[in-house]
Amino acid sequence: MKRINTFLMTLALALFVSAGAFAQDMTAATEAFNKAKEAFTAGNETEAVTGFNEAMKLASAAGDEGKQMVSDCKDLIPKILLQAATKKIDTKDYTGALTGLEATVAKAKEYGGTETAESAEDLIPQITMMLGDNALNDKNFTEAVAKYKETLEYTPNDGNAFLRLGMAYAASGDETSAEDAFTKAKANGQEDAANKQLSTIYFNKLAAAYQAKNFSAAIAAADKVNEFGTNPQASLYGGMAAANMKNYAKAISLLKKAQQNSTTFYYLATSYEKSGSTANACTYYKKILNDKQFGAFAKSKIAALKCK
């Protein structure tokens, strides 16, 4: 914003210096210039831009005598467009601000205003990010994806933009694109937040697979969840899925990372028993001996296994 303030100071000075420097035969151009200056002073940027365009057209027709005014107008017009766009930002008209900033960039580049173009380009990704957030909050996921992608065109290493893009994709059901975006977010400083999002994606896959009794897919999803940080609930579902597949070693491995409750102890006890580890089976049967759901079964097993 410092760069913008400098431009506005330069703009104000230029407006009051240029008009008096032209010869008699540029009366019409000078009049148009002065009217544009008055419009700018009154805060009417649209009228000012129209006026300076008219002054530039008239000055161009005056040949060499009008060259300085043409140059001044080309310098002023993009700066006024930038000021108009920043006013829209202040009033939270982000869509209008984005249109104004894009127009500023185009006109500044056309007229050779490199610094003005750079100032506008600095603001554009901030605006597209806000528009993306607004769309995401409104559940307009297609628009959110589009705006986050626009942000990344200007700031290709913005980890937060990749994170938000992944959230928009995930909310729209495009998990493949979401995972790709979250992976890029991890690579750009958002590892913890991206891991949480990735964990959620795979936990949802785990829950769906378990409910569908697709136990192999459930185990794979549980392992994937745990890649992003140990998740006791995912480990429980994965462990139960493995037990249902009679993969007792895998079941035990996952269940040891699960919540330590009666359900976990039951599956650990039965998995140890099925895998031939009586001592460990007895340990876990004893833990559920007084449980309302599993107590009677545990008591019969303790007797059958002759647990000490």
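# A chat about rings, cores and a disulfide

Colleague: Hi! What is the relative accessible area of Tyr237?
Modeller: Tyr237 has a relative accessible area of 27%, which makes it partly exposed. Buried means under 20%, exposed means over 50%, and partly exposed is in between, using a 1.4 Å probe and protein chains only.

Colleague: Before we go on, what sort of model is this?
Modeller: It is a predicted model, where local features need pLDDT of at least 70 and side-chain atom pairs count only at pLDDT 80 or more, while totals for chains, interfaces and linings use all residues. Residues are numbered from 1 along each chain as its sequence is written, and side-chain values use heavy atoms, leaving out hydrogens and water.

Colleague: Got it. How many aromatic pairs does the structure hold?
Modeller: There are 11 aromatic pairs. Rings of Phe, Tyr and Trp (its six-membered ring) pair if their centres lie within 6.5 Å; planes under 30 degrees apart are stacked, over 60 edge-to-face, and the rest tilted. Among the pairs is Phe203 with Tyr237, edge-to-face at 6.4 Å centre to centre and 70° between the planes.

Colleague: Where in the chain do Phe203 and Tyr237 lie?
Modeller: Phe203 is in helix H10 (residues 191–211) and Tyr237 is in helix H12 (residues 232–244), so this pair links distant parts of the chain, 34 residues apart. Helices (H or I, at least four residues) and strands (E, at least two) are DSSP runs, numbered from the N terminus.

Colleague: And Phe203, buried or exposed?
Modeller: Phe203 counts as buried, because its relative accessibility is 18%.
Modeller: Here is another pair: Tyr266 and Tyr267 are edge-to-face, 5.2 Å centre to centre with 85° between the planes. Ring pairs also join Tyr266, Tyr267, Tyr285, Phe294 and Phe297 into a cluster.

Colleague: New topic! Which residues have the most contacts inside the largest nonpolar core?
Modeller: They are Tyr148, Leu165, Phe182, Leu206 and Tyr285, in a core of 56 residues. H10 gives the largest share of this core, 8 residues. A nonpolar core is a set of buried Ala, Val, Leu, Ile, Met, Phe, Trp, Tyr and Cys residues joined through side-chain atoms within 4.5 Å.

Colleague: What does Phe182 touch?
Modeller: Leaving aside residues up to four places away in sequence, Phe182 touches Leu163, Gly166, Met167, Ala194, Gln197, Leu198 and Ile201. Contact here means heavy atoms within 4.5 Å. There is also a second, separate core of 20 residues, including Phe33 and Met56.

Colleague: Why is the disulfide left-handed?
Modeller: Because the torsion about the S-S bond of Cys282 and Cys307 is about -75°. The pair links distant parts of the chain, with Cys282 in helix H15 (residues 278–287) and Cys307 in the segment after helix H16 (295–304), 25 residues apart. Cys282 is buried at 7%, and Cys307 is buried at 16%.

Colleague: Last one: what is the phi of Lys139?
Modeller: Phi of Lys139 is near 65°, a positive value in a residue other than glycine. Most residues other than glycine have a negative phi. Lys139 lies in the loop between helix H6 (114–137) and helix H7 (141–154), and is exposed at 64% relative accessible area.

Methods. Disulfide = S-S within 2.5 Å.
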